[in-house]
Amino acid sequence: MEKKHIVYIILGLLGVVFPFLVTSDYYLHLVIIALMWVVIGSSWNLLAGYTGQVSFGHAMFFGIGAYTAGIFMTKLEISAWWGMAFGGIVAMLIGLFVGWVCFRLRGPYFALATLAGGEIFRLIATNWESLTDGMVGILIIQTFRSKLPYYYIALALAFLCIFVIHVIMKTKWGYYFVSIREDQDAAESLGINTTRYKNISLLVSSFFTGMAGAFYMNYMGFIDPHVVFSLHYISIMAILVGIVGGVATIMGPAVGAFIMVGLQETFRSAFFGLAPSWTSEAHALVFGLLVIFVILFLPNGVVGDWLKIKRNVFRVGASS
Amino acid sequence: MVLLEVKNLTKVFGGLKAVSNVSFHVDEGEIMGLIGPNGSGKTTIFNCINHYYTLTSGDIFFEGKSVKGLKTHTICHMGIGRTFQVVKPLSRMTVLDNVTASAFCRVGSIKEAQDEALRVLEFSDLMDQKDKLAKSLPIGKRKRLEIARALATKPKLILLDETAAGLTPSELDAAIDLIKKMRDNGITILIVEHIMKVIMSISDRIHAINFGQTIAEGTPHEVANNPAVIEAYLGEAYAQC
């Protein structure tokens, strides 16, 4: 067995026993949120990192997944857990439409179109009050009082998402996605139906992001348009998770998710109450600085540049 | 048998007639040369054949079927491969992955695609480069990779766009050998080239154009002695003597 496989198995086991090692609800909550971000970050990475179609609007799929689950519960009285599956499917249908419109554009124009798309859905969710209750948001009663079931659902979802992407990248689809990223015209001349494969990538990506959204609805019990369609907290965060962890790497977004959720929480809680409260306002600034740092020194992210990090840390250790 | 037939091809960019009323055909198994001074419309013709540009008027037939309006990837699946004059390597993929990606044009499984890619790399003498990233290759190898990638799609006709430009003399001979080897394997070739050593030595027939219009067609010898061709390349004074 390869060393890499052993690492995966240890990570998997650690994931399963984690709630028994750390019983604090607070830390469990943070890990659940991080696992959710693993799903969103990995989905974003499939589309942006591997296929080269950078999305600034993943909040769109997240929000649609969340609202699908919420509306199922409040309007149709179907368990919001059904929304987990349907949230993914509805997000995928929206993805199909978005792809049909936006894949006529390339590069930055595509990114801007998705940015606009995310904002459009936020406005729809805010104003279509008969369906979404607008700014009031949707409140549902959570199924479980304990965090444990949510933890395992999030863990399973994260593993499923990473596994599916891992498998996809080893098939024809994976080769086609990367070819499209590298040169769309060359890809087309090699017999690759670029429009179709970009759409496939978007569909898989939006499906998992939608499922993450539906999970969020179930877990938090409350959503409103400003949270789940947020440009800042969802769309940009998805990009940060991707680039900090490492674009176009399987484990990158997973690592990025834990780093970003950890950082966000550290600042939100003003260094767990140790620092003066104004530091909690500084997190946007720190995220900005972090992006500059990562782009300058770790352009391939923590996972992509892991050897570089190891080398430098080792050198520092040896000289001191 | 006629493999490719270009009929009255015209391509207009705004007010500029890049290609006007050009007709020629390529027979199965031959090497057809397409020559002309810079900006005469050779690459434009290629771009029209595989529908990188939409042609303004005229028609193109491949194996008797019109390819007009078909998507670029469909045309590739029909059996027309091409290389780009300005090489387009899939930079952050290895040479093997570059060729594997295009081998998926004909096969579904990764095993078959990789086998096919290795076969093509062997054929085009790139085996020793297979694990290098495409962006790390020098220009000569990149041009070769362009050919290998086109070959992996198993084309009946391959469009070579200045694959010999920028090569050293020894690379040039290797390129000529590769092109001949392709022909011997039953691939029909339409080649655009500026280097006369290449085009004159390998072409069965040559079609010459200038300002987007046909000026001559025939064997390399006939075309080289055609006054219109000499005028286009060297000026009027040389054509008269």
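How many helices and strands are there in chain B? I counted 10 helices and 10 strands in chain B. Both are DSSP runs, numbered from the N terminus: helices are H or I with at least four residues, strands are E with at least two.

Before going on, I noted the ground rules. This is a predicted model, in which local features need pLDDT of at least 70 and side-chain atom pairs count only at pLDDT 80 or more, while totals for chains, interfaces and linings use all residues. Residues are numbered from 1 along each chain as its sequence is written, and chains are lettered from A and ligands numbered from 1 in the order in which they are written.

**Chain B, overall**

I looked up the radius of gyration, taken over C-alpha atoms, and the globule rule, 2.2 Å times the number of residues to the power 0.38. Chain B has 18 Å, close to the 18 Å from the rule for 241 residues, so it is as compact as a globular protein of that length. Along the principal axes, its C-alpha atoms fill a box of roughly 60 × 40 × 35 Å.

I then checked burial (buried: 20 or more other C-beta atoms within 10 Å of the residue's own, C-beta atoms being placed from the backbone). Of the 241 residues of chain B, 45% are buried.

**The sheet**

I traced an open sheet of four strands in chain B, with the order β2-β1-β4-β5 and antiparallel pairing. Strands pair if DSSP finds at least two bridges between them. At the edges I found β2 (16-27) and β5 (65-66) of chain B, each pairing on one side only. Strand β4 (residues 57-62) of chain B is joined to β5(B) by two bridges. Phe61(B) has Ser66(B) in β5(B) as its bridge partner.

**Chain A against chain B**

What does each chain give to the contact? I found 17 residues from chain A and 22 residues from chain B. Contact here means C-beta atoms, placed from the backbone, within 7 Å. On the chain A side, α8(A) gives the largest share, six residues.

**The core**

I looked for nonpolar cores (sets of buried Ala, Val, Leu, Ile, Met, Phe, Trp, Tyr and Cys residues joined through C-beta atoms within 7 Å). The largest has 156 residues, and those with the most contacts inside it are Met36(A), Val39(A), Phe215(A) and Ile189(B). Helix α2 (residues 25-50) of chain A supplies the largest share of this core, 13 residues. Leaving aside neighbours within four places in sequence, I listed contacts of Val39(A), including Leu157(A), Cys161(A) and Phe208(A).

Notes:
Buried ≥ 20, exposed ≤ 12 C-beta atoms within 10 Å, placed from the backbone. Contact = placed C-beta atoms within 7 Å.
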